[in-house]
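Okay, thanks for coming, everyone. Let me put the structure up and then walk you through a few spots in it.

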Amino acid sequence: MGMDLQEIERDALAELDRSASLPEIDAVYTRYLGRKDGRLSGILRNLGTLPDDDKKRIGQEANKLRTILEERFAAKQKSLKDAALDSAVAGQRVDLSLPGTFFGRGNAHPILETIREIADIFGGIGFRMVEGPEIETDKNNFTDLNIPENHPARDMQDTFYVDRKSEDGKPLLLRTHTSPVQVRIMKSMPPPVRVISAGRVFRHEATDATHAAIFHQIEGLAVDENLSFADLKGTLAHFAESYFGPKTKVRFSPSYFPFVEPGAQMDASCFLCGGSGRINGEVPCNICKATGWIEVLGAGMVNPQVLRNVGYDPEKVTGFAFGIGVERIVMTRLQVRDIRLFLDSDLRFLEQFS
Amino acid sequence: MKISLNWLKELVDLPWPADALPEKLASLGFPVESVEKKGVSATGVIAVKILAVDKHPNADRLRIAKVTDGAGERSIVCGAPNIEPGQTVPLATPGAKLPGGIEITVSKIRGVESGGMLCSERELGLSDEHAGILMLPEGTKLGSNVADALGGSDTIFDVEVTPNRPDILSHVGLARELAALAKTKLTLPDDALSAAKEASFDIEISEPALCARYLGRVLAGVTVAPSPDWLVKRLTACGIRAINNVVDVTNYVQLEWGHPLHAFDIAKLKGSAIRVRKAKAGEKFLALDEKTYALNETDLVIGDKESVVALAGIMGGQNSGVTNATTDILLESAVFDRAAVRQTSRRLGLKSESSFRFEKGTDTDTAERAWKRAAKLISDLSGARATGSKDAFPSAPKPMTIELRREALSTLLGMAIPDAAAQDVLERLQFSPQPSTAGWSCTVPPHRKDVVEEADLVEEVIRLVGYNSVPSTLSRFRVAKMDSTYRAAPTARLVQTMRGYGVSEALSSSLVPSEWPAKFSVPEKDIIKLANPISQEESALRPTLAINLLRAIQRNLNHQRDAVALFEIGKTFWGEEEAKFGFVLCGKAVHKTWRTAEKDICVFYLKGLLEALGRDTQAAFTIEPGASAPFLHPHQSFTIQYRGRPAGWAGMLNPRLAAELDLGGNCAIAEIDLAVFTQPLDRKVASLPKHAFVERDIAVVVDVATPWEKIRGEAETAGGALLHGVHPFDVFSGGSVAAGQKSVAFRIRLQDPAKTLSESEINAAVDRIKASLQKNCGAQLR
């Protein structure tokens, strides 16, 4: 039997060496290791008929040979497969300088992308996104915001009226700012209020590169017990740092909006020159016109008259509000020189925001 | 508001250099829009007299002027055409520095030495005038500094004034603020004039509610003449054209005190009284702008015995204006109701510097100060005698007092202000604070009509203490509970889906040309129009997003684009305001590349996008063939159904409309209610099948009019629970298929989640489906 095993090993390896394809290897495998008629399988199957001494020895040797043969067959198979793949790969040489197959993706509009970005920042500190209609009443847009009839502040916001009237008989108008949403929200719920709102606003104004009759604002409002001007500053500084970068500084100066008092304007240190007004200490910065500061938003403490108008008690609650002109902030940040591009749906413009 | 630094300096001691002023003004709430330097900003320029002018030996266009500065003579080469002997002109001497950084040296010009340069206005920084050399007034001291001779330089600040602070539309007003900030002295303009007698004319106020005060002063013996140089310069610097000494003084005092004034020629007034009254219906008025205005009973006017002589607070009349022949004038200073002025000014479309100021608000105190100052200046400049005055002042307003509570101050600001500091600021701003138990009782000065309650005083305090001294705190917040009425629609999933399929997010105008809604069959009653459009192009609110999206396609095609895919989420106004989602696809769906063939947008791309949208956004709408909209293709359009009602439409654009708009044949368009996409998601996860599916192909020939929908429906019914998909892969007519018939091949997928299907179960299902198609669709099997 020992001789048989040596012979099987010699014959099997010789036949394996002569095999040049996977089917040939399979045939050799069947001849020696095949379950039914394989020569080695036959010996292993017949071990039981041998005397005990032989059974143990030959069993060990036969199993050892089977392991060796299995490994040799597997190795030969792999080398043949690899060779086949290699020859296939050799034919897969392509001109990689040709363009890739296009996966279309639509672009995001820079105004809406900015609104989403800003909404996200305020969302993180508890401001819920709300919205109101674009056709508004005179009362929501002006009177309740402390801009009574014949108030000169109405001149700041020349108005489009539509050929429809509201219940009070006054002509309906296209909202001149997002602030009427403040009025709607406060009339719909008791304090605390913590909301932002974004949307289109309309001004009766001729359009040119820097003026648009239709543009977007983001408005914020917080009303609660003991809210202060310091809270307003902290909230807006957080916004500026999140939006323009952590090193951004802010400054506040007095300004006027009839629905806030005290009213303020916030400037942020220029994100390009870092507030120095010069790039690399030399070239005047054209983002901030070399001033080091950019105008960002208007804000203030909610005017007590507005709180009274919506049925809140200014002795019990205070609030702050702010408004951001989205087009202006985008124009500054992305150096867009013509405001008309935003509503023009020109793909040559939109494709720059993929 | 243009503010002259020289003028300001006469009124207040400024401890800061000029270039520090913009920051100080901004800290007070008056940002400076621009700074302009006026006057001679050159150094080393002196006055010289031209003694002789000779030809230049080497140049035809140049001449050589011999000049003297009173002490010595020099030769100057000059190219200007206007120099003659005897003139006094400015000479930039060697070492002089001119605006723009030019430094003058002794140099040879075409071989002749020139000892300096004679200067034009532009070269001195005075104006853009460069046609010739500037002529100095005769008698200018030779050798003297030209900057001094021309009144020196000035800096003009263009200050932005918010509409709540009309008092700042004046040099006195701004000086008052700066004095409060700098804690320096305010010097008010000189208005000392000998007391006037009671005038011999009468002022009658018929509308005391609309005219709080009317001051009139007769100045007799006026000589109307050009104003002196200093006055002209001040007006010019502030952007006002000089006319004559009387008109110029009223303008000057308006810039100084901020209060509008008017001068009548008394000789032209009929009768011995003027009356502040409402106009009569049909009354006509010829204004100083030489236009005639038709008045009505709402207009406030000044009338004499016969007619209207001025539109109160807006403009005087031609019939009573001051001319060069005027000798006696009536100087008016009044306080008119701002709403009345505004209404009339708006109605007549007549605006003036005076109406602008009255609309913003004036006060009875400043009216008197301005009136006195103007009378003083007119007397000084025109030799007039102030002969009589009348002050119609029905009831002097009571000063308003407001309590500022210490606690309100610190609560609203979020910081404690020491009592002494608050008191000091309020005093500096002339609020005369009287300490009270809770804080201070403040009296609002007459020029501060904007201060009406406590919060206004809080702003006053912090304005001077400085906004930037308030700390910055990110407060703890209570989250507000709110209902869904105003909650913003969640559109992120919709936006991401559309972008993922290659459609770009667009925004288009809310306004459309008035003729467009008709193209979309919008009934006239449902078109919401602007009552006051700027142009016909933008005169109606968009009834559908489609209009401006189609116009966007037109523009993009004009820019040589061959594929346009845009979507928009926005408000439409078809009778009412609604939130919509719309999109357009036009041109190529797939471009020809080195490995793909090109494909055009067609109705199946549109349908595929709608199906993908439904799947990705989980919006449970159905796409049903046929839409009644006439702007869509009659055979290639859909109605979007949602919860049992139509919620939108989609389709290829009607070929006639496409041709009219020059959009080509493959333009798809859709608009769906936004609400379809913003419902909360309701999803359940199905357990995963453990057993493999099998697929079989079936091919049938049916009547060409049999819709796929019918075949699919039959297959699904017959296939029962085992059927998990029916997908058509080949549809054709002609060839071997009989006329009026079509061949439809489709693949079915069969699966039983509980076990592996046996061959007999599979065959039974296929046979059921085939039999059903034969019976119910008249199908022949292939």
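So, helix α5 (residues 110-123) of chain A packs against helix α8 (residues 229-244) of chain A at an angle of about 135°, and the axes are 10 Å apart. Quick word on terms: helices (H or I, at least four residues) and strands (E, at least two) are DSSP runs, numbered from the N terminus. Axes are lines fitted to C-alpha atoms, for helices over the stretch in contact, and angles run from 0 to 180 degrees between N-to-C directions. Under 35 degrees counts as roughly parallel, over 145 as roughly antiparallel, 65 to 115 as roughly perpendicular, and the rest as oblique; therefore α5(A) and α8(A) are oblique to each other.

Before I go on: this is a predicted model, where local features need pLDDT of at least 70 and side-chain atom pairs count only at pLDDT 80 or more, while totals for chains, interfaces and linings use all residues. Residues are numbered from 1 along each chain as its sequence is written, and chains are lettered from A and ligands numbered from 1 in the order in which they are written.

Who meets whom in that helix pair? From α5(A) you have A:Ile118, A:Ile121 and A:Phe122, and they meet A:Phe239, A:Ser242 and A:Tyr243 of α8(A) (contact being C-beta atoms, placed from the backbone, within 7 Å). By class that's five nonpolar, one polar and no charged residues, with Ala, Val, Leu, Ile, Met, Phe, Trp, Tyr, Cys and Pro as nonpolar, Asp, Glu, Lys and Arg as charged, and the others, Gly among them, as polar.

Over to chain B. Strand β22 (residues 329-336) of chain B has eight of its eight residues buried, so the strand is largely enclosed by the rest of the structure. Buried is 20 or more other C-beta atoms within 10 Å of a residue's own, exposed is 12 or fewer, and partly exposed is in between, with C-beta atoms placed from the backbone. β22(B) pairs antiparallel with β14(B) over eight bridges (pairing needs at least two DSSP bridges), and four bridges join β22(B), again antiparallel, to strand β15 (residues 262-265) of chain B. Look at B:Glu332: B:Gly216 bridges to it, and so does B:His262.

B:Val218 sits in β14(B), residues 211-220, and counts as buried because it has 23 C-beta neighbours inside 10 Å.

Last, the chain contact: 74 residues from chain B and 76 residues from chain A. Helix α12 (residues 454-465) of chain B gives the largest share of chain B's side, six residues.

Methods
Contact = placed C-beta atoms within 7 Å.
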